[in-house]
Amino acid sequence: MQKRFVSIWFRHLTTDWLTLRRPELKTLPFIFAAPEHGRMLITAANSLAEAQGISPGMALADARAIVPSLEMADHIPGKDAKLLKALGEWCIRYTPLVAVDMPNGLLLDVSGCAHLWGGERAYLGNIIKVLRSKGYDARGAMADTVGAAWAVARFGKDQPIIAPGGQTDVLLSLPPMALRLETEILERLKKLGFCNIKSFIGIGRSVLRRRFGTQLLLRLDQAIGNEDEPLDLLQPVEPYHERLPCLEPIRTATGIEIAIKKLLENLCQRLAGEGMGLRTAVLKCYRLNGKVLQVSVGTGKPSNFVNHLFRLFELKIPSIEPDLGIELFTLDATKVEEADPEQEMLWSPEGGGLEDVGLAELLDRLANKIGAANIRRYLPQEHYWPERSIKPAISLQDKRTTEWRTDRIRPSLLLSRPERIEVMVKTPDYPPNFFIYNGQKHIIIKSDGPERIEREWWLDNGKQRDYYRVEDDEGRRYWLFRSGHYSDEQLPEWFIHGFFA
Amino acid sequence: MQNTRQDIINKLRKDILLMEGFKPPSASGAGSIGLGEIELAFPNGVFPVGAIHEMMCPAPEQLAATSGFIGGILASLMKKGGACLWLSVAGKIFPPAMAVFNMEPDRMIFIDLKREKDVLWAAEEALKCEGLAAVIAELQDISFAESRRLQLAVENSKVTGFILRNDPRKAGATTCVARWQIAHLPGETGDGLPGVGYPRWQVDLLKVRNGNPGSWQIEWAEGRFVQFDKEAAVHEVFERQVG
C-alpha cells in the first residue's frame with residue numbers, strides 16, 4: 001500500500017497550553033523562561049511576543065527591553081513531552097499509528113486512513129481545524145515520507161498535501177533546515193553558501209559524505225523515500241505473546257499441562273475478543289539449565305478454542321523434557337488470521353461434511369503428529385492421463401471445479417507406478433491371452449478395450465497407452481496397457497496399472 | 001411368572017443389541033443401506049451402523065473388490081453429508097473409481113501413515129469424531145484388546161468403522177460386529193456380448209454377532225446392489241441354448 005504520513009507542527013505548544021489555562025493571557029505577549037548560567041533565557045514565546053521580535057533563546061532582560069510589559073512564566077521541564085503525548089493519544093482517532101516528534105510535533109502514519117474521512121484534503125483539514133479550534137496553533141502536511149511531511153509542515157509555502165511521488169520536487173526549494181539536521185551541519189552548509197536543498201542535492205554522495213557525514217545523506221534519503229524511517233509509536237501494535245513465569249520449576253507433565261492451559265486461556269480470550277483465530281503457535285520452555293525447548297502447532301483453519309488448541313499441544317507434551325525444571329513458559333501466536341464467527345447450526349445432520357468443526361480439529365491433531373503432507377484429499381482434474389486426472393486439494397474448503405467422470409471406468413486401486421508384466425498376445429491390437437504378474441499366471445477370459453489414452457504433448461512426450469480391462473479365470477479384474485504401437489523392430493511393452501472392484 | 005421372566009429377558013436382549021450398535025428397524029425403512037437380503041442376516045434386519053466391521057482382503061485384487069463393496073455402502077452412509085477417512089500405510093485407492101459407486105470422492109480424506117501402530121492410533125482418534133460418516137482403516141492385524149478400544153470409541157460417537165485386514169492367517173477373535181469376505185465373481189454380459197460387464201462379488205458374512213452368517217452373490221449395476229442367483233442365471237442360459 002502507498003505509505004502516507006502526516007506531520008503536525010505546534011508552533012506555540014506550551015504557550016497555547018497556558019493560554020488555555022489562563023484566558024486573560026490571550027491578549028498579552030508572554031514568554032516562558034528558565035535560568036541558565038545565571039541569567040534568564042526565554043524557552044518559548046507566544047505569537048504576540050514573537051510579533052514584537054522576541055524569540056526563544058533570547059535573554060529575558062533583552063526581551064524586557066523591547067516589551068516592558070512582558071508577562072513571564074516559569075519554564076516547566078517535561079511539559080512539552082506530556083502535552084505531545086496527550087495530543088498524540090487524542091489523534092489515535094485518526095489513525096492507530098501515532099508517534100511523538102520532539103520537541104513540538106506529531107507524526108501520523110495515515111496509510112489507508114484518509115478515504116474514511118472523504119479524501120486527504122478533508123482528512124488533514126479536519127485534523128488541523130479541530131486542533132486549532134481547541135486553541136493549539138497547529139500546522140500540518142501530508143506526504144509519502146516522514147521527512148517530506150515534516151519539512152512541508154514547517155517550511156512549506158503553499159500546498160500542505162504533497163501528491164504521491166511529488167516529495168522530491170517540493171523539497172528542492174526548501175532550506176537545508178527542513179531536513180532535520182544538526183546545527184553543526186546546518187552552519188557548515190550555510191558557510192558554504194548552500195541556501196536550499198536544490199543547491200546540494202545533485203552533488204555526488206561520496207563528496208557529501210566526506211564533507212558533512214552520513215547524517216545528511218540519511219536525512220536526505222529519508223525525506224525522498226529511499227530509506228525507511230520507523231516511527232516510535234505511542235501505542236505499539238502488541239504481538240500475540242503470553243508469558244508464564246513459574247515460582248517453582250515445573251518438572252511434571254501435569255505441571256506443563258496446567259501451564260499450557262493457562263497460557264492458552266489468556267491468549268484465546270484476547271483472540272476471541274478481537275475476532276481472530278490462531279493458525280500457528282510456538283511454545284517455548286526455558287529450562288533451569290539455560291536451554292530453551294520449543295514446540296509448535298498449526299491448525300487448518302483459524303481457531304481460538306482453548307480445548308482444541310490444548311489437545312494439539314497435548315500430543316507434543318511427551319517431547320518436552322523438563323530436565324531440572326522449567327522456569328518460564330512463553331506462547332507466541334506467530335500466524336493469526338481472522339476467524340469466522342461460529343455459526344449456530346439449526347439442526348445437526350449426521351456429520352456436517354467437510355465443514356464440520358470436529359473434523360477440522362481431528363485433522364489438526366493428525367497433522368501435528370504425522371505431518372500435514374500425509375493427509376490428502378483429491379479433486380478431479382480435466383485430464384485423461386490417469387495420473388493427472390486427480391489433484392490434491394489445497395484445503396478442506398477447496399471445492400471441485402469439474403465433475404467426477406463416471407463414463408470411463410477407472411480401477412479402485414491404482415499402482416503409483418505401472419509394473420511390467422509378461423504377456424502372451426496372439427493378435428496385435430487385441431488383449432493378451434494371459435499375463436504373468438508377480439510370478440502368477442492369469443488367463444484372460446473376458447476383456448474390454450482398448451481405450452487409447454494419448455500423452456498430453458504439451459506436458460510431456462512419450463508413447464501413448466492402450467488400456468484394456470481384463471478379467472481372469474477367477475473373475476479378478478485388472479487394468480493392463482500396452483505402451484506404444486507394434487513395430488517391426490521391437491515388441492511393445494505391457495504393464496499392469498490397477499485393480500478393478 | 002414364567003411369561004414375565006421371558007419378557008424381561010427379551011427386553012434385556014433388545015437393550016444389549018441397542019448398546020452393541022444394532023438399531024431396531026424403523027417403520028419407514030430409512031435404516032436400509034441397499035444391501036437387500038444381506039441386511040436380514042443382522043439382528044432386527046438392519047445393517048449396523050455405529051459399529052465396526054472387519055473385512056478380510058489378503059490380496060490387492062480382493063482389496064479392490066472390498067473397496068468397491070464399501071464404496072456402495074459408503075454412498076448411502078454419506079448421503080446426508082459427512083466425510084469419510086481412509087487410513088492406510090501405503091494407500092493405493094484411486095478416488096475417481098469411487099464416483100461409480102454414487103459417492104463424491106472429494107469427501108474422502110486419505111491419510112498415509114508410516115506404521116501400523118499409527119494407523120490404530122489415528123483410527124481410534126477418528127472414530128471418536130462425531131462429524132464423520134465412516135472410517136476405513138487398512139491393517140495387517142488387530143488384537144482383541146485393540147479392537148475393544150475401537151469399539152469403545154464408536155459406542156459414543158456412532159461412527160461406522162471398517163477394518164480391512166490383509167493378513168487373514170492371524171484372524172483371531174475381535175469385538176467387531178461382523179466379519180466379511182468379498183471375492184470377485186466372473187462378470188456376465190448376457191447374450192454373449194463382449195466385455196467384462198458389471199462388477200460381481202461373492203459376499204461371505206463369516207461372523208455376525210447375534211445374527212446368521214451366510215453367503216450371497218451380488219452385482220453393482222446401475223448405481224445399486226443387485227442380488228442375483230447364479231444357478232438361475234446358468235439355468236436360463238442353458239435353456240436358451242436348448243431352445
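This is a predicted model: local features need pLDDT of at least 70, side-chain atom pairs count only at pLDDT 80 or more; totals for chains, interfaces and linings use all residues.
Me: Which residues is B:Val135 in contact with, leaving aside its neighbours within four places in sequence?

Reply: Contact means that two C-beta atoms, placed from the backbone, lie within 7 Å. With those neighbours left aside, B:Val135 is in contact with B:Cys84, B:Leu85, B:Ala123, B:Ala126, B:Leu127, B:Val159 and B:Gly161.

Me: Which residues touch the most other members of the largest nonpolar core?

Reply: Nonpolar side chains tend to be buried together in soluble globular proteins. A core here is a set of buried Ala, Val, Leu, Ile, Met, Phe, Trp, Tyr and Cys residues joined through C-beta atoms within 7 Å. Buried means 20 or more other C-beta atoms within 10 Å of the residue's own; exposed means 12 or fewer, and partly exposed lies in between. The largest core has 96 residues. A:Leu480, B:Cys84, B:Leu87, B:Leu132 and B:Val135 touch the most other members. Helix 2 of chain B gives the most to this core, eight residues. There is also a second, separate core of 49 residues, including A:Trp17, A:Ala143, A:Val170 and A:Ala178.

Me: How many helices and strands are in chain B?

Reply: Both are DSSP runs numbered from the N terminus: helices are H or I with at least four residues, strands are E with at least two. Chain B has six helices and nine strands. It has 243 residues, and 42% of them count as buried. Of the contacts in chain B between residues at least 6 apart in sequence, 68% join residues at least 24 apart.

Me: In which order do the 11 strands of the open sheet run?

Reply: Strands pair if DSSP finds at least two bridges between them. The order is 13(A)-12(A)-3(B)-2(B)-4(B)-5(B)-1(B)-6(B)-7(B)-8(B)-9(B), with mixed pairing. Strand 13 (390-392) of chain A and strand 9 (224-227) of chain B are the edge strands, each pairing on one side only. The twist averages 30° from one strand to the next.

Me: Where do the chains meet in this sheet?

Reply: Strand 12 (residues 375-380) of chain A and strand 3 of chain B run antiparallel, joined by three bridges. A:Arg377 has B:Ile109 as its bridge partner. A:Arg376 stands opposite B:Phe110.

Me: What packs on the sheet?

Reply: Angles run from 0 to 180 degrees between N-to-C directions, and axes are lines fitted to C-alpha atoms, for helices over the stretch in contact. Helix 2 of chain B packs on the sheet, and its direction makes about 115° with that of strand 6 of chain B. Helix 4 of chain B lies across strand 2, strand 3, strand 4 and strand 5 of chain B, running at about 165° to strand 4.

Me: How many residues does the contact take from each chain?

Reply: Chain B gives 45 residues and chain A gives 49. On the chain B side, helix 2 (60-77) supplies the largest share, seven residues.

Technical notes:
Residues are numbered from 1 along each chain as its sequence is written. Chains are lettered from A and ligands numbered from 1 in the order in which they are written.
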